[in-house]
Amino acid sequence: MLTLYGVYRSRASRALWLLAETGTPFEHVPVIQAYRLADPAAAGAPRNTASADFLAVNPMGQIPALTDEDLLLTESLAITLYLAKAYGGSLGPGNLAEDALMTNWALFAATAIEPAALTILQARPEETEAIRAAAAKLDRPLARLDRHLTGRDWLLDRFSAADICVAECLRYAQGHAGLVAAHPAAFAWLARCQARPAFAAMWAARALEPA
């Protein structure tokens, strides 16, 4: 049985979005981050990343985690790409070259986009220098995205897992007005991704979770 551990307000959103796109049956085991709880070990505390039963699944104590029969995956982008290949139809690669391209875009998202985008998301408004520095780090990769997306709708010749991987990392920075203005093709593409019904369904489920 395909089982995904994690909550929508985590990197599990990437896999949950893809599963919403495909309609693949799976068991969802909500596991919240331990740092969000005053006392993760308290009686009655929800299942969390410090819970013994979850640590038996992923000793790293991080979400998401995915099991599919004997397979265990614990990295969100690897999970998303696996689900695309195993269950995603056209969301997954059609050949070796597309497989390489999807992996390339996922690693681009993880290394060139996510760290600085997360800084922008998590910084307090008064931390202007940290925000400025993070935005500067995004200029080069977003220029790359702009060039690639000019004249095309998706990263490949169709919407795919590559779009989910990159969009969910860029989402963290979409509140930065300067980046949006400077990179119109990248953020127009992000808007197309987020206009998809499966993203809307994932986002609505996320809104039902405690912040």
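**Entry 1: H6 and H8**

I began with helix H6 and helix H8 (residues 184-194), which pack at an angle of about 110° with their axes 10 Å apart. I take helices (H or I, at least four residues) and strands (E, at least two) as DSSP runs numbered from the N terminus. The axes are lines fitted to C-alpha atoms, for helices over the stretch in contact, and the angles run from 0 to 180 degrees between N-to-C directions. H6 and H8 are therefore roughly perpendicular to each other; angles under 35 degrees count as roughly parallel, over 145 as roughly antiparallel, 65 to 115 as roughly perpendicular and the rest as oblique. I noted the crossing of H6 and H8 as left-handed, a term used if the near helix is turned anticlockwise from the far one by less than a right angle, with right-handed used if clockwise.

On the H6 side the contact is made by Asp163, Val166, Ala167 and Leu170, and on the H8 side by Ala186, Phe187, Trp189, Leu190 and Cys193, where contact means heavy atoms within 4.5 Å. By class, I find eight nonpolar, no polar and one charged residues in the contact of H6 with H8. Here Ala, Val, Leu, Ile, Met, Phe, Trp, Tyr, Cys and Pro count as nonpolar, Asp, Glu, Lys and Arg as charged, and the others, Gly among them, as polar.

**Entry 2: what I am looking at**

This is a predicted model, in which local features need pLDDT of at least 70 and side-chain atom pairs count only at pLDDT 80 or more, while totals for chains, interfaces and linings use all residues. Residues are numbered from 1 along each chain as its sequence is written, and side-chain values use heavy atoms, with hydrogens and water left out.

**Entry 3: H1 on H6**

I then looked up helix H1 (residues 12-22) against helix H6 (residues 161-170), and found that they pack at an angle of about 140° with their axes 10 Å apart. H1 passes H6 in a right-handed crossing. From H1 the contact takes in Ser13, Arg14, Trp17, Leu18 and Glu21, and from H6 it takes in Ala161, Ile164, Ala167, Glu168 and Cys169. I recorded six nonpolar, one polar and three charged residues for the contact of H1 with H6.

**Entry 4: H3 and H4**

Helix H3 (residues 76-87) and helix H4 (residues 96-122) pack at an angle of about 155°, with axes 10 Å apart, which makes H3 roughly antiparallel to H4. I noted a right-handed crossing for H3 and H4. Leu77, Leu81 and Lys85 in H3 meet Asp99, Met102, Thr103, Ala106 and Ala110 in H4, and the residues of this contact divide into five nonpolar, one polar and two charged.

Not counting residues up to four places away in sequence, Trp105 touches Arg144, Leu145, His148, Leu155, Leu156, Ala162 and Val166. I also noted that the C-alpha atoms of Trp105 and Ala161 are separated by 9.4 Å, although the two are 56 residues apart along the chain.

Leu138 lies in helix H5 (residues 128-149) and is buried, with a relative accessible area of 0%. Beyond its neighbours within four places in sequence, Leu138 is in contact with Ala112, Ile113, Ala116, Ala117, Ile120, Ala173 and Leu179.

**Entry 5: cysteines**

How many disulfides are there? I count zero disulfides, taking a disulfide as a pair of cysteine sulfur atoms within 2.5 Å. Cys165 is in no disulfide, and the nearest cysteine sulfur, that of Cys169, is 7.4 Å away. Cys165 is buried at a relative accessible area of 0%, and Cys169 also counts as buried, at 0% relative accessibility.

**Entry 6: backbone and a strand residue**

Most residues other than glycine have a negative phi, and most peptide bonds are trans. With that in mind I noted the cis peptide bond that joins Ile63 and Pro64, with omega about 5°; Pro64 is found in the loop between helix H2 (52-55) and strand S3 (65-68). Glu69 has a positive phi of about 55° although it is not a glycine. I place Glu69 in the loop between S3 and strand S4 (71-73), and at 64% relative accessibility Glu69 counts as exposed.

Last, I looked up His28 in strand S2 (residues 27-29), which counts as partly exposed at 25% relative accessibility. His28 touches Leu4, Gly6, Val7, Tyr8 and Leu16, not counting residues up to four places away in sequence.

Methods: Buried means under 20% relative accessible area, exposed over 50%, partly exposed in between (1.4 Å probe, protein chains only).
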